[in-house]
Amino acid sequence: MATNIKAPGIGASQASDTSGNQWSSRLTFILAAVGSAVGLGNVWKFPYIVGENGGGAFVLVYLLCIALIGVPVLTAEILAGRRGGASPIRSFGIMAERDGHSPNWQVIGWLGGLCAFLILSFYSVVAGWALAYLGYAVGGDLSAAGGADDVGAAMGTLFETLLASPAALVGGHTVVMAITILIVASGVRGGLEKAIRWMVPGIFAILAGLVIYAAMASGEFGRAAHFMFAPDFSALSWDAVLVALGHAFFTLSIGMTAMMAYGAHLQKDAPLGSSAVAIAGLDTLVALMAGLAIFPIVFAAGLEPAAGPGLVFVTLPIAFADIPGGMIVATLFFLFLAVAALSSTISVLEPVVEYIEERTPLTRKGAAVASGGAIWLLGIGCALSFNIAGDMRLWDRNLFDLLDFTTSAILLPLGGLLIALYVGYVLPERAVQAELAGIGPRGYAVLRGLLRYVAPLGIATVFVYGLV
Ligand code: PHE
């Protein structure tokens, strides 16, 4: 039984007094889960992979992946976390044994732990870019570039200069990892919880403002909307479908036990299905808004939609330079982006720390420093792959791209596949039904069908076509 729960870092500071380890309300849970889901994946990654993969058809496939695979797997993962009770990495092994199945289901936990390491090492580098841009907004570099004759080119140069500097990239990455370790180590998240409370609405408000700006000032809103929503299937490859599927997992923080850690502290009677839909809905909205803010600027400034990872950092500052009070907006935006990234990084580190804490004599602090330190080392390699180690390539990818690809396109969907199979077939049906009491018989039948057939077959098909 779940006798070995330690004081959880995630739920601790808002625990209800009676149970000691639960979210104070379902809303707090949703907020934290949205904090994990909404991050660089939505604002940085989504727009640039839409640009690289041809627009509308890719977006459509992505939305289908979210609805048909992402939401069911998210529900399953929160369910498994709540039922498992132990640290998320160990939960599957424990649950399987408890129900008389092979303890080898523990492999889901190992995969998740591995993913956490790999994801955080490159994610933290990009979060460092957001911090650097916060510095550029405050320090005047953004307005200087905004005053250039060719603003687009000047913003491009600013970004390239950042990437070319090992010290800046390693420095940003170090700050992000240090803050992440500090928050997870203390397990006290009072400050961060308050931050999340206004960060999510804040990022929302700024993005909404930018969408309106882009619609009114760029003159290219129609073209951008067409690019994003008019599917041209000739532009779609199986590689792109694999990227869309992988990103659905990445953006919802699923497939690697991060959401399980949050689910473990959710009240027994809180409804799961509607929570998952709300989390996925908000996450998708933020991603689409980011796209609608960025692509009009891309077209108006004559930039390339397929420009790659620099897209958001080059385009939005063009808008900031143009609007009155733009540098204040820019400061707020990059601050929010950094906070949004941090509310994701802590959710990546949390399962690893809970596991180490449970299985070794290390304290929470020791576990956070040890695992975070290892991730920090790997992240230095990622940071340097933009400059001095750029020539070190494997399968035509530098370390950063390699980690991004293997986690998003392979490991997360694989973890999701196993989670769907586990909850769909292995977990006793009575237990699943009890956990899902809120969604009614019809909702249950739909979810079960999605978990047993649609998600596994969908993921397997995309693997077969996308990888071979
Ligand atoms: N979902 C986060 C984002 O979109 C990234 C993340 C992935 C967080 C996996 C936790 C686990 O930015």
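Is Thr 257 buried or exposed? In this predicted model, Thr 257 has a relative accessibility of 0% and therefore counts as buried, the cut-off for that class being under 20%. The residue is found in the loop between α12 and α13, the latter helix spanning residues 258–263. Although Thr 257 is not a glycine, its phi is positive, at about 75°.

A positive phi also occurs at Trp 395, again a residue other than glycine, where the value is near 45°. Trp 395 is found in the loop between α17, which comprises residues 364–384, and α18. With a relative accessibility of 69%, Trp 395 counts as exposed, whereas Thr 257 counts as buried.

Helix α18, which covers residues 399–426, contains a kink of about 35° that is centred on Thr 407. Of the 28 residues of α18, 20 are buried, so the helix is largely enclosed by the rest of the structure.

On the backbone side, a polar atom of Ser 36 is 3.2 Å from a nitrogen atom of the ligand, and a polar backbone atom of Ala 37 is 2.9 Å from an oxygen atom of the ligand. On the side-chain side, an N or O atom of Ser 253 is 2.9 Å from a nitrogen atom of the ligand. The ligand on its own has 330 Å² of accessible area, and the protein covers 100% of this area.

A further helix, α20, is formed by residues 440–467 and includes Gly 440. The C-alpha atom of Gly 440 is separated by 20 Å from that of Tyr 453, a residue 13 positions away along the chain.

Key
Residues numbered from 1 in each chain as written. Predicted model: local features only at pLDDT ≥ 70, side-chain atom pairs only at ≥ 80, totals over all residues. Heavy atoms only, no water. Bend = angle between axes of the 7 residues up to and from the residue. Helix = DSSP H or I, 4+ residues; strand = E, 2+ residues; numbered from the N terminus. Buried < 20%, exposed > 50% of the residue type's maximum accessible area, 1.4 Å probe, protein only. Polar contact = N/O pair within 3.5 Å; in protein donor to acceptor, adjacent residues only side chain to side chain. Areas by Shrake-Rupley, 256 points an atom, 1.4 Å probe, with all protein chains shown as cover.
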